[in-house]
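Colleague: I am new to this one. Could you walk me through how to read it?
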Amino acid sequence: DRDVRFEYSLPPENVHAVLRRLALTIPSGPGVIVANDWIELALTSIHDTGRAVFAINHGDMDFYYNLAVRHQETIDAFVTYTEQMARRLRTLLPDREESIFLLPYGVDIPRTVRQPKPGPLRVLYVGRLSRDKGVFDLPFIDRRLRDLGVNPVWTVQGGGPDAAELRAAWSDRLDVRWFGQ
């Protein structure tokens with residue numbers, strides 16, 4: 001019912017002080033905490049918020065599985081988006097099978113692989129144009145591809161706080177198509 005931006009910096013801040021501040025942003029009463037990463041899970045492990053906790057497993061990586069195992073006592077439900085990740089969670093947490101939910105992506109992934117076609121390599125970036133998403137790697141990737149003799153055709157779909165800076169960093173490519181948000 002609301003969106004709160006919570007900023008912290010580890011270090012220099014102390015983890016317990018950060019978690020205490022984060023706990024103060026949660027109003028009393030019923031609700032759900034959707035945990036996307038370790039900080040929300042650390043919060044729910046140390047502070048009883050009185051809310052249900054849904055942990056999103058964002059990737060088939062040990063980091064996310066270790067978070068699930070380490071914080072399983074405070075997690076009410078696990079949500080993941082591939083069969084492989086759901087199987088791995090069920091293997092790691094066999095007594096939690098009923099609380100592991102598979103919500104696959106809304107786009108079907110075809111079983112057949114596309115075949116190469118003549119013409120330029122078409123590259124599409126869709127997402128928030130923010131430094132933390134790694135968007136400033138795109139001009140470097142473009143330059144490396146061109147150094148290898150590949151001249152990609154880029155389409156960038158998205159907006160964000162670093163859109164203007166990214167355009168400036170990529171000013172040598174006038175043919176990048178920018179479609180905004």
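Modeller: One caution before we start. This is a predicted model.

Colleague: Then let us begin with charges. What can side chains of opposite charge do when their charged atoms come close?

Modeller: They can pair. Now the case here. The structure holds nine salt bridges.

Colleague: Which residue forms a salt bridge with Arg5?

Modeller: Glu7 does. The closest N and O atoms of Arg5 and Glu7 are 3.0 Å apart.

Colleague: Is Arg5 buried or exposed?

Modeller: Exposed is the label for over 50% relative accessible area. Arg5 has 73% relative accessibility, so Arg5 counts as exposed. Glu7 has a relative accessible area of 53%, so Glu7 is exposed too.

Colleague: Now a helix. Where do Asp142 and Arg146 lie?

Modeller: Both are in helix α5, residues 138-147. They sit four residues apart, which is about one turn of the helix.

Colleague: Is Asp142 buried or exposed?

Modeller: Buried is the label for under 20%. Asp142 has 0% relative accessibility, so Asp142 counts as buried. Arg146 is at 30%, so Arg146 counts as partly exposed.

Colleague: Which other residue forms a salt bridge with Asp142?

Modeller: Arg173 does, with the closest N and O atoms 2.8 Å apart. This pair links distant parts of the chain. Arg173 is in the loop between α6 (163-169) and β7 (177-178), while Asp142 is in helix α5. The two are 31 residues apart.

Colleague: Why does Arg173 count as buried?

Modeller: Because its relative accessibility is 7%.

Colleague: Which residues are linked with Asp142 in a network of salt bridges?

Modeller: Arg146, Asp172, Arg173 and Asp175 are linked with Asp142 in that network.

Colleague: Which element gives the largest share of the lining of the largest cavity?

Modeller: Helix α3, with three residues. By class, the cavity lining divides into nine nonpolar, two polar and one charged.

Colleague: Next, the surface. Which residues form a nonpolar patch there?

Modeller: Tyr8, Leu10, Val15, Trp38, Met61 and Phe63 form it. Together they have about 500 Å² of accessible area.

Colleague: Where is Tyr8 placed?

Modeller: Tyr8 is in the segment before α1 (15-24). Its relative accessible area is 36%, so Tyr8 is partly exposed.

Colleague: Last, the loops. Where does Arg111 lie?

Modeller: Arg111 is in the loop between β4 (100-102) and β5 (122-126). Arg111 counts as exposed because its relative accessibility is 85%. Arg111 and Val156 are 45 residues apart along the chain, and 26 Å separates their C-alpha atoms.

Colleague: Where is the place of Gly59?

Modeller: Gly59 is in the loop between β2 and α3. With a relative accessible area of 4%, Gly59 is buried. Gly59 and Leu22 are 37 residues apart along the chain, with 25 Å between their C-alpha atoms.

Methods: Residues numbered from 1 in each chain as written. Predicted model: local features only at pLDDT ≥ 70, side-chain atom pairs only at ≥ 80, totals over all residues. Heavy atoms only, no water. Buried < 20%, exposed > 50% of the residue type's maximum accessible area, 1.4 Å probe, protein only. Patch = residues over 30% accessible without salt bridge, like charges linked within 9 Å, V, L, I, M, F, W, Y side chains within 5 Å. Areas by Shrake-Rupley, 256 points an atom, 1.4 Å probe, with all protein chains shown as cover. Salt bridge = Lys/Arg side-chain N within 4 Å of Asp/Glu carboxyl O. Nonpolar A, V, L, I, M, F, W, Y, C, P; charged D, E, K, R; others polar.
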